[in-house]
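Here are some notes to read beside the picture, written for someone new to protein structures. Take the points in order, and find each residue on the screen as you go.

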Amino acid sequence: MDKELLHEVFRREMNDRKIPLSLGKTCPVKCTFCYEKDTGYRTTFDTPLTSQEDWEYILKEIQSCPTGKEHWVVGGNEYMEWTDLFLHPRAMDWLNEFLETTDKNITLFTVGYTPAKEINKLAEKYPGRINFELSVITLGSYRKRLMPHAPTKDQVLKILDGPAVTSANFYSFGPDTMFDDALRISRINNECLLWMGCLTPLKYIDGDTTSLMRQGKKFLPREARKIYEANLPNTTMIQTESDITTFLNRNKIIKTFDSCELEKKDTVVMAGNVYKIMNLLRKNRARYLYVPNHTLGGDSNCSTLLTFDDVGRRLTNQKRVYLPKVILEGSSGEEKDISGIKFDEFKSRFPHCSFKVLHKVNSNLSNKKLYEKGYLKNYVEDYLGNPLHKKFEAVALPI
Ligand code: SF4
């Protein structure tokens with residue numbers, strides 16, 4: 001890849017406050033649940049292993065950016081494939097240098113390749129500047145099967161034993177999985193946030209892993225109730241189920257749609273999660289066009305992850321269609337979906353249909369609500385504890 005293009009890719013990532021390190025290959029951890037197994041839904045560039053020269057360029061660019069409240073992120077690139085960047089032999093040196101030579105904050109995503117002593121020392125030296133999101137996934141018997149090349153659970157527990165980890169995420173895969181992990185982690189570290197839930201199968205996830213994820217979903221209520229009763233000192237959140245989030249935010253969703261002043265005959269695009277709520281509580285308020293998440297497939301049914309291609313597949317002879325703004329917010333600052341297709345490009349494919357954007361249904365709102373109502377307590381008390389959730393779960397989606 002020529003230098004000019006490489007620097008262009010770096011700059012794009014840095015515009016989104018990503019620190020564009022690369023392993024120069026696909027991720028060697030080979031997690032069976034990895035959502036990056038198929039990056040076909042977005043455009044990525046094959047970038048080489050980050051060299052010292054690349055790093056100097058990146059650091060200089062970062063240093064020249066104004067310091068705000070935002071965090072610079074290691075992991076989760078947009079134009080480069082995701083890998084565990086702490087597998088890069090220089091990653092810890094560069095993290096040190098970043099903290100020493102800038103006054104900026106940083107967020108780290110890893111399955112645990114940060115050496116335990118070193119990362120905990122750094123957290124002590126730079127209090128408040130490191131947001132460390134540790135992907136524990138599971139410490140139980142499914143770990144080897146799901147994460148064949150991940151760090152051992154002892155390594156993960158050592159990292160947790162110190163001030164570094166801000167939040168640990170792990171999931172339900174069946175009875176006494178999420179619950180056991182919550183107790184175990186809390187005993188070692190009673191300050192980090194416990195971020196839990198289920199993993200959603202997408203279309204390219206293998207059959208065994210898909211079954212395990214579905215088993216986890218089935219046992220989520222039981223696991224969550226047990227954690228709720230254990231009354232752990234840590235903050236506990238459930239943030240991965242779009243149906244649950246939608247149900248907990250139903251009043252806000254309905255209020256937002258009401259304020260959009262739609263007519264009964266207006267056609268409004270939505271994925272399964274919002275469709276179920278609108279059908280349950282505002283039946284026939286408008287024509288709800290259910291759009292399955294065909295691009296991601298599997299069990300996904302989230303409006304924020306819809307693509308224009310998904311919408312196009314469901315259009316017939318509509319003259320006017322309302323789209324939630326979240327679909328257009330796949331890339332910062334531009335009207336693109338999560339697969340990188342531009343809104344204008346999509347509109348030109350349907351010259352006989354006019355598209356109106358529901359600006360109030362935007363990512364700011366959905367992210368805010370995701371966090372506000374994302375506590376395990378909300379799930380147990382306001383979802384499981386509310387008989388209406390059964391009706392909600394029973395709403396059938398059109399074919
Ligand atoms: S470590 Fe992350 S990027 Fe790598 S395979 Fe696992 S989930 Fe995917």
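1. A word on naming. Helices (H or I, at least four residues) and strands (E, at least two) are DSSP runs, numbered from the N terminus. With that in hand, look for T152 in the loop between α5 (143-146) and α6 (153-160). Residues are numbered from 1 along each chain as its sequence is written. Please keep in mind that this is a predicted model, where local features need pLDDT of at least 70, side-chain atom pairs count only at pLDDT 80 or more, and totals for chains, interfaces and linings use all residues.

2. Is T152 buried or exposed? A residue is buried if 20 or more other C-beta atoms lie within 10 Å of its own, exposed if 12 or fewer, and partly exposed in between, with C-beta atoms placed from the backbone. T152 counts as exposed because it has 12 C-beta neighbours inside 10 Å.

3. The domain assignment, which is automatic or comes from a database, gives domain 1 (3-241) and domain 2 (245-362). Taken over C-alpha atoms, the centres of domain 1 and domain 2 are separated by 30 Å. Their contact takes 11 residues from domain 1 and 11 residues from domain 2; two residues are in contact if their C-beta atoms, placed from the backbone, lie within 7 Å. On the side of domain 1 that touches domain 2, four residues are nonpolar, three polar and four charged. Here Ala, Val, Leu, Ile, Met, Phe, Trp, Tyr, Cys and Pro count as nonpolar, Asp, Glu, Lys and Arg as charged, and the others, Gly among them, as polar.

4. The six-stranded sheet. Strands of a sheet pair through backbone hydrogen bonds, either parallel or antiparallel. In this open sheet six strands follow the order β1-β2-β3-β4-β5-β6, and the pairing is parallel; two strands pair if DSSP finds at least two bridges between them. The edge strands, each pairing on one side only, are β1 (71-74) and β6 (236-238). From one strand to the next, the twist averages 20°. Axes are lines fitted to C-alpha atoms, for helices over the stretch in contact, and angles run from 0 to 180 degrees between N-to-C directions.

5. Strand β3 and its partner. How many residues of β3 are buried? Six of the eight are, so β3 is largely enclosed by the rest of the structure. Strand β2 (residues 105-110) pairs with β3 in the parallel sense over five bridges, and F109 stands opposite E133 in β3.

6. Most residues other than glycine have a negative phi, and most peptide bonds are trans. I137, in strand β3, is not a glycine, yet has a positive phi of about 65°. I137 counts as buried because it has 23 C-beta neighbours inside 10 Å. Compare N231, in the loop between α8 (207-230) and β6, where phi is also positive, at about 50°. N231 counts as exposed, with 7 C-beta neighbours inside 10 Å.

7. Strands β4 and β5, and a helix on the sheet. Strand β4 (residues 165-170) runs parallel to strand β5 (residues 193-196), and three bridges join them. N169 has W195 in β5 as its bridge partner. Helix α7 packs on the sheet, touching β3 (130-137), β4 and β5, and its direction makes about 170° with that of β5. R187 is in helix α7 (residues 178-188) and is exposed, with 11 other C-beta atoms within 10 Å.

8. Which strands stand at its edges? This open sheet has the order β8-β7-β9-β10, with parallel pairing. β8 (287-290) and β10 (354-358) are at the edges with a single partner strand each, so one side of each is left without a neighbour in the sheet. The twist here averages 35° from one strand to the next. Five bridges join strand β9 (residues 320-324) to β10, and L323 stands opposite V357 in β10.
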